[in-house]
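Work through the exercises below with the sequence and the model side by side. Each task is followed by a solution that goes step by step.

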Amino acid sequence: MIVRIRTNIGQWRVEKVSPSSTPNDILSEIKETRPHVEFQHNLSFDPACTKPLEMNQTLKDQKISHGSMIYCKVDPSSAATNTGPGAGNGNGVNGADANSDSNDGNGNGNSDPKHMKRVIRPDGSIELVHDPNAATADHAFRKGMMPLRDMKMKWTLQEFVDMDNQFVFKIEAQKERWIGEGGVSVDMESANHFQSYLRTFAFQRQRFGYLYGKFVDVPEDEDEKNKLPQKETLFGTELPDSEIKHFAKNQQVLVEAIYEPPQECDPNAPEGFVALDDPMEGQVEAVASLLGLRKVGWIFGHPPREKGFQMSSAEIVMAAELQIECAEDVAQTPFVTVKVTVADDGNVSMEAFQVSKQCMEMVAEEALVVGENPGFCYVSDTFTAIQEGKESRTIENNFFLTVVPINQHATETFVSEFPKANRDHDTRQQSHDEMKKQLSKSGSAGWTFIDLLADFNLLIYLTKFLDIETDIPKICRSIVNRDIPLEEGYKLIIASMAGLDGAY
């Protein structure tokens with residue numbers, strides 16, 4: 001079983017683990033060849049290292065399988081590979097995926113040496129250390145890399161070609177999306193609240209939010225329904241714990257709620273905003289899970305743009321990073337991007353997209369950078385992009401986009417009345433008075449107490465006052481299944497918090 005680890009100095013592979021191994025076993029394998037490595041951020045599910053792995057749970061329990069990608073950040077000066085006598089032979093932890101292991105001339109294997117230099121220690125052992133001058137070396141193999149002879153003393157032509165091909169991308173538009181004809185359907189009330197806030201600023205401020213809902217699988221026919229999961233094979237032999245994920249052709253993304261995390265409007269930022277740390281992130285994910293929801297996409301609003309300019313390079317990169325996070329790898333995912341703006345006639349325009357797998361690969365390899373022209377993604381100097389048979393230092397953003405059909409629906413389970421969090425200059429702010437205003441409608445116009453309580457943003461607000469481990473699960477259970485009545489005690493507590501009097 002192979003687990004890939006993307007670090008801030010390159011990509012590693014750990015091979016001597018199994019589904020029953022734990023993240024601690026991965027660390028042990030890394031220590032065999034990098035005994036002095038110091039972790040700045042421990043093993044995590046996401047590139048930002050905000051979702052750490054449970055160190056004592058098995059990889060299988062955490063849904064980490066053959067080929068999965070996990071992340072960490074290390075001190076570059078501590079990540080050298082000791083290749084002297086008695087050091088590991090490199091079979092457990094390898095460097096970049098594309099066979100970039102090298103030799104020191106004595107047959108000893110190194111891992112990921114492209115930004116390293118050789119030093120001889122007092123005991124005679126050879127060690128690779130991070131070279132801060134690699135990016136400026138005039139004789140480097142590629143910009144930001146060491147010279148070939150510093151990686152390995154002898155090269156064959158095929159080894160050189162294979163090495164070079166790792167940094168070449170032949171740009172191709174992706175013709176098929178990963179969502180079926182159902183596309184994405186957004187709850188009308190949630191979408192209206194989002195665009196109404198943007199309209200407050202005449203759509204001149206950019207803002208984003210996360211879409212919470214479900215991926216709905218509806219097989220097209222009986223053959224598709226009865227298809228058994230397949231396993232990856234190596235020379236005809238099935239690999240254990242390597243089921244290939246199949247996405248139904250008419251899969252739909254059903255958006256039931258929108259959550260807007262803390263952010264600051266910044267016209268000078270490439271995205272037009274700066275995302276801030278969210279102290280409520282854990283509560284948001286917990287409430288979503290209790291309601292049977294998950295993060296299925298993101299939405300952003302922007303000022304009107306010239307015709308044909310769909311997404312900026314910064315938005316392309318952010319979409320790719322979020323798709324990678326959802327797929328837990330560079331792989332197919334129904335995760336969707338929705339953008340909102342105002343058309344020339346003053347009507348709101350809402351469109352949906354996905355970025356291609358090649359875009360995800362290039363973002364994962366840090367081959368794409370944001371440049372001065374937001375209509376193009378710039379290619380890092382370390383990499384080469386071939387577009388229409390010619391080398392290109394920029395790629396038009398639309399090459400990376402696939403269009404997703406978009407619809408609206410009225411959710412049958414939730415409401416979206418409570419003020420949204422993290423908004424400035426809004427006429428309504430989250431408070432007990434707003435909770436009273438909403439819950440006081442109970443018993444009128446057909447509303448029940450549980451109907452009005454079934455508000456994603458209201459439930460997140462309640463986690464500040466009720467226990468997320470004991471109270472919130474019981475409330476969410478009654479929301480998801482209306483046959484389970486909400487305990488009177490919770491009605492009394494919530495009504496008291498809201499300052500409600502009389503029947504509710």
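**Exercise 1.** Leaving aside its neighbours within four places in sequence, which residues is Asn397 in contact with?

Solution. Before starting, note that this is a predicted model, in which local features need pLDDT of at least 70 and side-chain atom pairs count only at pLDDT 80 or more, whereas totals for chains, interfaces and linings use all residues. Residues are numbered from 1 along each chain as its sequence is written, and side-chain values use heavy atoms, with hydrogens and water left out.

Step 1: list its contacts, where contact means heavy atoms within 4.5 Å. With neighbours within four places in sequence left aside, Asn397 is in contact with Phe309, Met311, Ser312, Ser313 and Ile316, and also with Pro374, Gly375, Phe376 and Cys377.
Step 2: look for a polar contact, that is, a pair of N or O atoms within 3.5 Å; within protein, one must be able to donate a hydrogen and the other to accept it, and residues adjacent in sequence count only if both atoms are side-chain atoms. The side chain of Asn397 reaches the backbone nitrogen of Cys377 at 3.1 Å.
Step 3: classify the residue. Asn397 counts as buried because its relative accessibility is 1%, buried being under 20% relative accessible area, exposed over 50%, and partly exposed in between (1.4 Å probe, protein chains only).

**Exercise 2.** Is Ser68 buried or exposed, and which backbone nitrogen does its side chain reach?

Solution. Step 1: Ser68 is placed in the loop between β3 (39–44) and β4 (69–74).
Step 1: its relative accessible area is 11%, so Ser68 is buried.
Step 2: the side chain of Ser68 reaches the backbone nitrogen of Ser65 at 2.9 Å.
Step 3: leaving aside neighbours within four places in sequence, the contacts of Ser68 are with Ile2, Val3, Arg4, Lys63 and Asp329.

**Exercise 3.** In what order do the 8 strands of the open sheet stand, and which helix packs on the sheet?

Solution. Step 1: the order is β26-β20-β19-β18-β12-β15-β11-β27, with mixed pairing; two strands pair if DSSP finds at least two bridges between them.
Step 1: the edge strands, each of which pairs on one side only, are β26 (401–404) and β27 (406–409).
Step 2: neighbouring strands of this sheet are turned against each other by 35 degrees on average, direction ignored.
Step 3: helix α7 (residues 313–327) packs on the sheet, where it touches β12 (207–216), β18 (294–301), β19 (336–342), β20 (348–355) and β26, and its direction makes about 175 degrees with that of β18. Axes here are lines fitted to C-alpha atoms, for helices over the stretch in contact, and angles run from 0 to 180 degrees between N-to-C directions.

**Exercise 4.** Which residues of the largest nonpolar core touch the most other members, and what is Leu322 in contact with?

Solution. Step 1: a nonpolar core is a set of buried Ala, Val, Leu, Ile, Met, Phe, Trp, Tyr and Cys residues joined through side-chain atoms within 4.5 Å.
Step 1: among the 101 residues of the largest one, Trp298, Leu439, Leu453, Phe456 and Ile475 touch the most other members, and α7 gives the most to this core, with 8 residues.
Step 2: turn to Leu322, which is found in helix α7 and is buried, with a relative accessible area of 9%. Leaving aside neighbours within four places in sequence, Leu322 is in contact with Tyr210, Trp298 and Phe335.

Note on methods. Helix = DSSP H or I, 4+ residues; strand = E, 2+ residues; numbered from the N terminus.
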